[in-house]
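Welcome! Open the structure in your viewer and follow along, one selection at a time.

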Amino acid sequence: MKTRVFAYMKALLLVAVMVGFSACEVELGVFFDTDKNSEAYANKSYTLCSRTWVDYYYDSYGNYCRQELLFFLDRTGVDLIRTEYPNGNVRIDEYKFTWNWENYGQSSIRMIYGPGDVSYLNDIRLYNNSLSGYLDGWDNYVEYKAR
């Protein structure tokens with residue numbers, strides 16, 4: 001008799017837990033993508049969007065490049081890359097993206113350039129007219145200066 005009662009109690013408890021978990025609604029992507037979490041959160045977005053972020057580097061072919069990142073409060077942005085070739089030619093590429101904060105601590109930004117084309121800027125430091133972090137991996141540290 002006790003064994004049957006325990007079996008029924010276990011089944012009832014299992015059903016109650018399953019119903020409880022199915023009642024939870026989790027919305028992904030919205031929590032970190034608003035500026036309504038705190039005033040400091042909004043201020044960091046405003047700081048990010050109030051400047052043009054510039055970096056200079058040499059690409060894998062030895063061409064001199066200038067990259068500009070522009071973030072806008074409507075969660076859009078522009079990535080401009082100016083490449084100077086040894087023969088004097090210059091190429092300017094413009095890539096549009098949407099962005100959002102990837103975490104509550106605002107230490108990661110997700111930039112979506114198109115379907116399947118996503119970049120991450122992780123471990124962000126935003127201070128003294130400087131934006132730095134790891135772009136698409138821990139082996140690619142970048143530092144942009146405000147212009």
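Start by selecting Asp 79 and Tyr 113: their side chains are joined by a polar contact of 2.8 Å. Keep in mind throughout that this is a predicted model.

Stay with Asp 79 and colour strand β3, residues 76-84, where Asp 79 is found. Is Asp 79 buried or exposed? Asp 79 is buried, yet has no salt bridge. Select Arg 66 as well: this is the nearest side chain of opposite charge, and it is 10 Å away. Now show the surroundings of Asp 79. Leaving aside neighbours within four places in sequence, its contacts include Gln 67, Glu 68, Leu 69, Tyr 95 and Phe 97, and Tyr 113 is among them too.

Next, zoom out to the strands. Eight of them close into a barrel, running in the order β1-β2-β3-β4-β5-β6-β7-β8 with antiparallel pairing. On average, neighbouring strands of this sheet are turned by 30° against each other, direction ignored.

Then pick Trp 101 and look across to Ile 109 in β5, which stands opposite.

For the last stop, go to helix α2, residues 39-49, and select Cys 49 there. Why does Cys 49 count as buried? Because its relative accessibility is 16%, and buried means under 20%. Not counting residues up to four places away in sequence, Cys 49 touches Phe 71, Phe 72, Leu 73 and Trp 99.

Methods:
Residues are numbered from 1 along each chain as its sequence is written. This is a predicted model: local features need pLDDT of at least 70, side-chain atom pairs count only at pLDDT 80 or more; totals for chains, interfaces and linings use all residues. Side-chain values use heavy atoms; hydrogens and water are left out. Helices (H or I, at least four residues) and strands (E, at least two) are DSSP runs, numbered from the N terminus. Buried means under 20% relative accessible area, exposed over 50%, partly exposed in between (1.4 Å probe, protein chains only). Lys and Arg count as positive and Asp and Glu as negative; His and the chain ends are not counted. A salt bridge is a side-chain nitrogen of Lys or Arg within 4 Å of a carboxyl oxygen of Asp or Glu. A polar contact is a pair of N or O atoms within 3.5 Å; within protein, one must be able to donate a hydrogen and the other to accept it, and residues adjacent in sequence count only if both atoms are side-chain atoms. Contact means heavy atoms within 4.5 Å. Two strands pair if DSSP finds at least two bridges between them. Axes are lines fitted to C-alpha atoms, for helices over the stretch in contact, and angles run from 0 to 180 degrees between N-to-C directions.
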